[in-house]
Amino acid sequence: GWDGGDCVVEGYPDCDVADPSWIADGFCDRGEYNTEECGWDGGDCVVEGYPDCDVADPSWIADGFCDRGEYNTEECGWDGGDC
């Protein structure tokens, strides 16, 4: 079913995205990928220790550099303590 199965995201049956290969590819894809149904992009968008932190690049949190904007918020622990 579903076009030979290539439109189904393994482990996320309710995840409906344009390119399923982007799920859990090591890069936080936002929008339709960063949803509960898609496991927050297969875990790529989860910031460990900051469950309400939603940023473009989670690896920038607590990287030793104060990133401003969406990173320097209470939800992101003031950039994981960098700010």
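**Notebook: salt bridges around R30**

I looked up R30 and found that its side chain forms a salt bridge with that of E70, at 3.0 Å from N to O; a salt bridge here is a side-chain nitrogen of Lys or Arg within 4 Å of a carboxyl oxygen of Asp or Glu. The pair joins distant parts of the chain, since R30 lies in the segment before α1 and E70 in the loop between α1 and α2, 40 residues apart.

I note that this is a predicted model, in which local features need pLDDT of at least 70, side-chain atom pairs count only at pLDDT 80 or more, and totals for chains, interfaces and linings use all residues. Residues are numbered from 1 along each chain as its sequence is written, and side-chain values use heavy atoms, with hydrogens and water left out.

I next examined the salt bridge between the side chains of R30 and D54, at 3.7 Å from N to O. D54 sits in the loop between α1 (39-42) and α2 (77-80), 24 residues from R30. A search of the whole structure gives 2 salt bridges.

I then checked exposure (buried: under 20% relative accessible area; exposed: over 50%; partly exposed: in between; 1.4 Å probe, protein chains only). R30 is partly exposed at 35%, as are D54 at 44% and E70 at 31%. Shared partners join R30, D54 and E70 into one salt-bridge network.

For the whole protein I recorded 2 helices and 0 strands, taken as DSSP runs (helices H or I, at least four residues; strands E, at least two) numbered from the N terminus. Buried residues are 29% of the 83. The C-alpha trace spans about 50 × 15 × 15 Å along its principal axes.
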